[in-house]
Amino acid sequence: MVQSGDVQTDDHLLALVGGGDERALGHLYARYASVVFAFVLARVSDRGVAEEVSADVWLGCWRSARAFRRDAKVLTWLLGIAKRQIYMHTRRKRLPQVPLDEEQANELPSDELGPAELVLAADQAAAVLDALDALPESLAEVVRLAWLHELPYEEIADVVGVPVGTVKSRVSRARRQLREELRRQDA
């Protein structure tokens, strides 16, 4: 049972969830709900669907906690559940990816920059986002997991279901394609 004030490891919390501890699930949810939701929302076009899929991830966590083998981090395991839930919700209808909205793409990076630097920084951010959106889905998926979620390649391989070498080659190919696209935009 989780006591208030206890700092528990993810593995321990998941073991408690497997034993039916709802408070432990609440602690995991507090730690990772925003990451899971962002992961799902980046892959479905409708916020309502993303909320439904995210809820199903936590239901899957509750139901499958006993099956966790501890061969990956809990977050990686949760993102694997999320990926399967996304597939289940979208298998009949391929939903397009949703790019960051214009407001986010043009957010100001720092209060210390002058107007000219702010405009340039916003343009550069928009160019990178446009180039990322132009990548094939298989490349964009591993890049988001590596760069946005900061997962190691081994965990990305588990989430995506490909060998680690494939993850490395996809990240390398995505980096090369992004560089080429950004050079084209500068020309």
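**Close-up views of charged residues**

Five salt bridges are counted in this predicted model.

**View 1. Asp-10 and Arg-31 form a salt bridge.** Their side chains meet at 2.5 Å, N to O. Asp-10 belongs to helix H1 (residues 10-18) and Arg-31 to helix H2 (residues 22-41), so the pair ties together parts 21 residues apart in sequence. Asp-10 is buried, at 18% relative accessible area. Arg-31 is partly exposed, at 33%.

**View 2. Glu-141 forms a salt bridge with Lys-83.** The closest N and O atoms are 2.8 Å apart. The pair links distant parts of the chain: Glu-141 sits in helix H7 and Lys-83 in helix H4 (residues 74-90), 58 residues apart. Glu-141 counts as buried, with 10% relative accessibility. Lys-83 counts as partly exposed, with 23%. Beyond its neighbours within four places in sequence, Glu-141 contacts Arg-43, Lys-83 and Val-160.

**View 3. Glu-137 in helix H7.** Glu-137 is partly exposed, with a relative accessible area of 30%. Its C-alpha atom is 9.8 Å from that of Arg-43.

**View 4. Arg-69 and Asp-71 form a salt bridge.** The N to O distance is 2.8 Å. Arg-69 is exposed, at 65% relative accessibility. Asp-71 is exposed, at 53%.

**View 5. Arginines gather in a positive surface patch.** The patch holds Arg-173, Arg-175, Arg-176, Arg-179 and Arg-183. Arg-173 lies in helix H9 (residues 164-186). Arg-173 counts as partly exposed, at 34% relative accessibility.

Key. Residues are numbered from 1 along each chain as its sequence is written. This is a predicted model: local features need pLDDT of at least 70, side-chain atom pairs count only at pLDDT 80 or more; totals for chains, interfaces and linings use all residues. Side-chain values use heavy atoms; hydrogens and water are left out. Contact means heavy atoms within 4.5 Å. Patches are made of residues with over 30% relative accessible area and no salt bridge: like charges are joined within 9 Å, nonpolar side chains (Val, Leu, Ile, Met, Phe, Trp, Tyr) within 5 Å. Accessible areas come from the Shrake-Rupley method with a 1.4 Å probe; for residues, only the protein chains shown count as cover. A salt bridge is a side-chain nitrogen of Lys or Arg within 4 Å of a carboxyl oxygen of Asp or Glu. Lys and Arg count as positive and Asp and Glu as negative; His and the chain ends are not counted. The place of a charge is taken as NZ of Lys, CZ of Arg, CG of Asp or CD of Glu. Helices (H or I, at least four residues) and strands (E, at least two) are DSSP runs, numbered from the N terminus. Buried means under 20% relative accessible area, exposed over 50%, partly exposed in between (1.4 Å probe, protein chains only).
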